[in-house]
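Hello,

Here is the structure we talked about handing over. Please open it alongside this note; the findings follow below.

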Amino acid sequence: MDTQSQDMPSLDALNAGASGHRRGQRIGPDLDWRVRIAGLGRYLPQRRVPSAEIEQRAGLPPGWALQNSGVAFRHWAQPERERASWMGAQAAMQACEQAGIDPSMLDLIVNASGSAERAIPDGGPLLQRELGLGRSGIPALSVHATCLSFVAALELAAERIHHGRIERALIVSSEIASVGLDFDSPEVCTLFGDGAAAAVLERAPADSASRIHRIAWRTMGEGVEITTLRGGGSWRPPLGPLTTPADALFSMQGQAALRSGIRLVPYVMRSLGLDDRNARRALRWVAPHQASRAALDVIEQIGFEQARMVRTLEYTGNCIAASIPLALEQGVRDGTIRRGEPGVLLGTGAGLSGVGLTMTY
């Protein structure tokens, strides 16, 4: 997302200018899925990288990263020692411990990451093996929706739990963005960090208020080139004749990403029933994707007057799909998010997609 702050119109103004997105739109169904997050965990790599180090490498003036990207420091993995699956397993074991279960009690393991450790196999089996469950037979798979992978996996697992197909699921987002940064692009190299976060989902007890209420998802594929990493797939394979070194680096058009994300806001808010100010006032917390300082400012200015917003960007950077669960974990740990209180997960991802999920924690 864009790293430059700008004045943000009200949600009413956004609604007025979004008539092109209204066709066939309605408030999404109240799902009332009786599912709760029973445990959360995280892992941040040992190497702490201050913005001054990146500014020096990229030839930027001191203070540029904090002012423009909103990041003071982030953590970068040392991949030879901190592989993505290993990082994810550290977060997962914390989540299982908090949930009071042994990992062998899981019915489903979902790797929900925007970056991949390997092309094949997917990260699900890698994570299962790192958890010491390589002979368990527990289904393990990946869900990839870039920065929104965690929410996509949450929907998949929660629906299975609600309908009685499984009792308990583990969702892990583990990201190593630092290997694909372009240091000739200030808004990219100063923004991203590495990290992992995990959540254990289970059926909520009958006397629990925990629920998943509504989910809204909107994708506008015309924006696929706004945020992209072209290499690594069949279009730009590593040894392809047309492949260049630049294809291995992430690229982002920050201003265009922010503008496109703003256009998705009215759809998501209406689909969640949050275009009404009173409905927004009923929320007590917001755990957004930590896309950029400007993107977080947009969310704050929508008008969640009674909600506490979790910001981790300044000391984690944008951790791709791990950003939302890292915000959840941070919010629960510091008391911003409390059991039995309603809130919302919000974010945008490459593609370009916008998502919102309302739940009672």
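**Salt bridges**

Glu305 and Arg277 form a salt bridge, with their closest N and O atoms 2.2 Å apart. The pair links distant parts of the chain. Glu305 sits in the loop between H10 and S12, while Arg277 belongs to helix H9 (residues 277-281), 28 residues apart. Glu305 is partly exposed, at a relative accessible area of 39%. Arg277 is partly exposed too, at 34%. Keep in mind throughout that this is a predicted model.

The count comes to 16 salt bridges. Another one joins the side chains of Glu300 and Arg311, at 3.4 Å from N to O. Glu300 lies in helix H10 and Arg311 in the loop between S12 and H11, so this pair ties together parts that are 11 residues apart in sequence. Glu300 is partly exposed, with a relative accessible area of 42%. Arg311 is partly exposed as well, with 32%. Salt bridges with shared partners join Arg293, Asp297, Glu300 and Arg311 into one network.

Arg36 forms a salt bridge with Glu202. The closest N and O atoms are 2.8 Å apart. This pair also links distant parts of the chain: Arg36 is in strand S1, Glu202 is in strand S7, and 166 residues separate them. Are the two partners buried or partly exposed? Arg36 has a relative accessible area of 24%, so it counts as partly exposed. Glu202 has 10%, so it counts as buried. The cut-off for buried is under 20%.

**The sheet**

Strands S1 and S7 also belong to an open sheet of 5 strands. The order is S1-S7-S6-S4-S5, and the pairing is mixed. S1 and strand S5 (140-142) are the edge strands, each pairing on one side only. From one strand to the next, the twist averages 20 degrees.

Two pairings in detail:

- S1 runs antiparallel to strand S7 (residues 195-203), and 8 bridges join them. Gly41 stands opposite Ala198 in S7.
- Strand S4 (residues 108-111) pairs with S5 in the parallel sense, over 3 bridges. Ile109 has Ala140 in S5 as its bridge partner.

Helix H4 (residues 84-99) packs on the sheet. H4 touches S1, strand S6 (168-175) and S7, and its direction makes about 135 degrees with that of S1. Helix H12 (residues 323-334) lies across S1, S6 and S7. H12 runs at about 100 degrees to S1.

How many of the 9 residues of S1 are buried? The number is 7, so S1 (residues 35-43) is largely enclosed by the rest of the structure.

**Cores and helix H10**

The largest nonpolar core has 36 residues. Leu201, Ile212, Leu328 and Leu345 touch the most other members. Helix H6 (residues 149-162) gives the most to this core, with 8 residues. Leaving aside neighbours within four places in sequence, Leu345 has contacts that include Val151, Leu154, Trp285, Ile324 and Leu328. A second, separate core holds 33 residues, among them Cys147, Met252, Leu296 and Val344.

Helix H10 (residues 293-303) is mostly covered, with 8 of its 11 residues buried. The buried residues of H10 include Ala294, Leu296, Asp297, Val298 and Ile302.

- Ser51 lies in helix H2 (residues 51-58). Ser51 is buried, at 5% relative accessibility. Its side chain reaches the backbone oxygen of Val71 at 2.6 Å. Beyond four places in sequence, Ser51 is in contact with Ala65, Val71, Ala72, Phe73 and Arg74.
- Thr227 lies in strand S9 (residues 227-228). Thr227 is buried, with a relative accessible area of 10%. Not counting residues up to four places away, Thr227 touches Phe250, Ser251, Met252, Ala257, Ala350 and Gly351. Thr227 and Asp102 are 39 Å apart in space, C-alpha to C-alpha, and 125 residues apart in sequence.
- Thr312 is in the loop between strand S12 (308-309) and helix H11 (313-316). Thr312 is buried, with a relative accessible area of 3%. Residues up to four places away aside, Thr312 touches Gln290, Gly317, Leu326, Ala327 and Gln330.

Best wishes

Methods: Residues numbered from 1 in each chain as written. Predicted model: local features only at pLDDT ≥ 70, side-chain atom pairs only at ≥ 80, totals over all residues. Heavy atoms only, no water. Helix = DSSP H or I, 4+ residues; strand = E, 2+ residues; numbered from the N terminus. Buried < 20%, exposed > 50% of the residue type's maximum accessible area, 1.4 Å probe, protein only. Contact = heavy atoms within 4.5 Å. Core = buried A, V, L, I, M, F, W, Y, C linked by side-chain atoms within 4.5 Å. Pairing = 2+ DSSP bridges. Polar contact = N/O pair within 3.5 Å; in protein donor to acceptor, adjacent residues only side chain to side chain. Axes fitted to C-alpha atoms, helices over the stretch in contact; angles between N-to-C directions. Salt bridge = Lys/Arg side-chain N within 4 Å of Asp/Glu carboxyl O.
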